[in-house]
Amino acid sequence: MMRRKAKIETIPTGITDLDVYLRNGGLGAKELGVILAPTSRGKSMFLKHIAEHNLRRGKRPLIFTLEMSEDRYLERFDMSIANVTASELTEKEDHVASILEERENSFKGRLHIKEFGSKSVTVSKLIAYTEQLRIGGFFPDFIVVDYADELAAETSYKDERHNVSHTYKMLRG
């Protein structure tokens, strides 16, 4: 039996030492990457890094956040793009604004962040929201769900772990 040799488009993490271990250098269509770590260990920052790395590569990320506000996510992008710290973001506001204005054209219209409250949205609602964006002309190349455990269950299994399992299977598509 011959193996297919189709070129698979992937979304790399931007961390070379990790990407070499991922098949074809990143995650492909219908593949689900899950970042697990204890509280306050940088999961959201890592997801932002993946989105930003691919934004710089010309991709269009769609970020659903169930923990952090849209504004806070954008601040993290601003800090990274302008290469400033959190305190410099406010201390050097004019400097940051000029850097972001210079770079705006390279990123304009290619990043979409949507905040939802914890347990307020299901995977089906995320899919419907994504379809509305497509109708409006935004076609994401990949989707980041920050804090997928905070998605509302679409099933009502007695044991919560089965609800979570079902949610992750639905995220995979």
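**Surface, sheet and salt bridges in a predicted model**

Q: Which residues make the nonpolar surface patch of about 290 Å²?
A: In this predicted model, the patch in question is nonpolar and covers about 290 Å². The residues that make the patch are Leu32, Val34 and Leu36.

Q: What is the order of the elements of the protein from the N terminus on?
A: The secondary structure of the protein comes to seven helices and five strands, and its C-alpha atoms fill a box of roughly 55 × 45 × 35 Å along the principal axes. Read from the N terminus on, the elements run β-α-β-α-β-α-α-α-β-α-β-α.

Q: What percentage of the contacts in the protein with a separation of 6 or more is accounted for by residues 24 or more positions apart?
A: The protein has 173 residues, of which buried ones make up 32%, and its accessible surface comes to about 11,400 Å², with 51% belonging to carbon and sulfur atoms. Among the contacts with a separation of 6 or more, the share from residues 24 or more positions apart is 65%.

Q: Which strands stand at the edges of the open sheet?
A: Three strands form this sheet in the order S4-S3-S5, with parallel pairing. Each edge strand has a single partner strand, so one side of each is left without a neighbour in the sheet. Neighbouring strands are turned by 15° against each other on average, direction ignored. The strands at the edges are S4 (112–115) and S5.

Q: Which helix packs on the sheet?
A: The sheet runs in the order S4-S3-S5, and S3 is joined to S4 by four bridges in the parallel sense, with Leu62 having His112 as its bridge partner in S4. The packing helix, residues 123–135, touches S3, S4 and S5, and its direction makes about 145° with that of S3; this is helix H6.

Q: Which residue in S5 stands opposite Pro61?
A: Strand S3 (residues 61–65) and S5 pair in the parallel sense over five bridges. Four of the five residues of S5 (residues 142–146) are buried, so this strand is largely enclosed by the rest of the structure. Opposite Pro61, the residue in S5 is Phe142.

Q: Is Asn54 buried or exposed?
A: Asn54 lies in helix H2, and, leaving aside its neighbours within four places in sequence, Asn54 is in contact with Ile11, Pro12, Lys59 and Phe142. Its relative accessibility is 0%, and since the cut-off is under 20%, Asn54 counts as buried.

Q: Which residue forms a salt bridge with Glu9?
A: Glu9 lies in the segment before strand S1 (10–11) and its partner in the loop between H2 and S3, so the pair ties together parts that are 50 residues apart in sequence. The closest N and O atoms are 2.4 Å apart, and the partner is Lys59.

Q: Which residues are linked in a network of salt bridges?
A: The side chains of Lys48 and Glu52 meet in a salt bridge with an N to O distance of 2.5 Å, and both residues are buried. Lys48 and Glu52 lie four residues apart in helix H2, about one turn of the helix. The network links Lys48, Glu52 and Arg56.

Q: What is the N to O distance in the salt bridge where the side chains of Arg72 and Glu75 meet?
A: Being three residues apart in helix H3 (residues 70–82), Arg72 and Glu75 are separated by about one helical turn. Arg72 counts as partly exposed at 32% relative accessibility, and Glu75 counts as partly exposed at 35%. The distance from N to O in their salt bridge is 3.4 Å.

Q: How many Å apart in space are Asp159 and Glu104, C-alpha to C-alpha?
A: Asp159 is found in the loop between S5 and helix H7 (160–172), where Asp159 counts as partly exposed at 32% relative accessibility. Asp159 and Glu104 are 55 residues apart in sequence, and their C-alpha to C-alpha separation in space is 47 Å.

Note on methods. Residues are numbered from 1 along each chain as its sequence is written. This is a predicted model: local features need pLDDT of at least 70, side-chain atom pairs count only at pLDDT 80 or more; totals for chains, interfaces and linings use all residues. Side-chain values use heavy atoms; hydrogens and water are left out. Buried means under 20% relative accessible area, exposed over 50%, partly exposed in between (1.4 Å probe, protein chains only). Helices (H or I, at least four residues) and strands (E, at least two) are DSSP runs, numbered from the N terminus. Two strands pair if DSSP finds at least two bridges between them. Patches are made of residues with over 30% relative accessible area and no salt bridge: like charges are joined within 9 Å, nonpolar side chains (Val, Leu, Ile, Met, Phe, Trp, Tyr) within 5 Å. Accessible areas come from the Shrake-Rupley method with a 1.4 Å probe; for residues, only the protein chains shown count as cover. A salt bridge is a side-chain nitrogen of Lys or Arg within 4 Å of a carboxyl oxygen of Asp or Glu. Contact means heavy atoms within 4.5 Å. Axes are lines fitted to C-alpha atoms, for helices over the stretch in contact, and angles run from 0 to 180 degrees between N-to-C directions.
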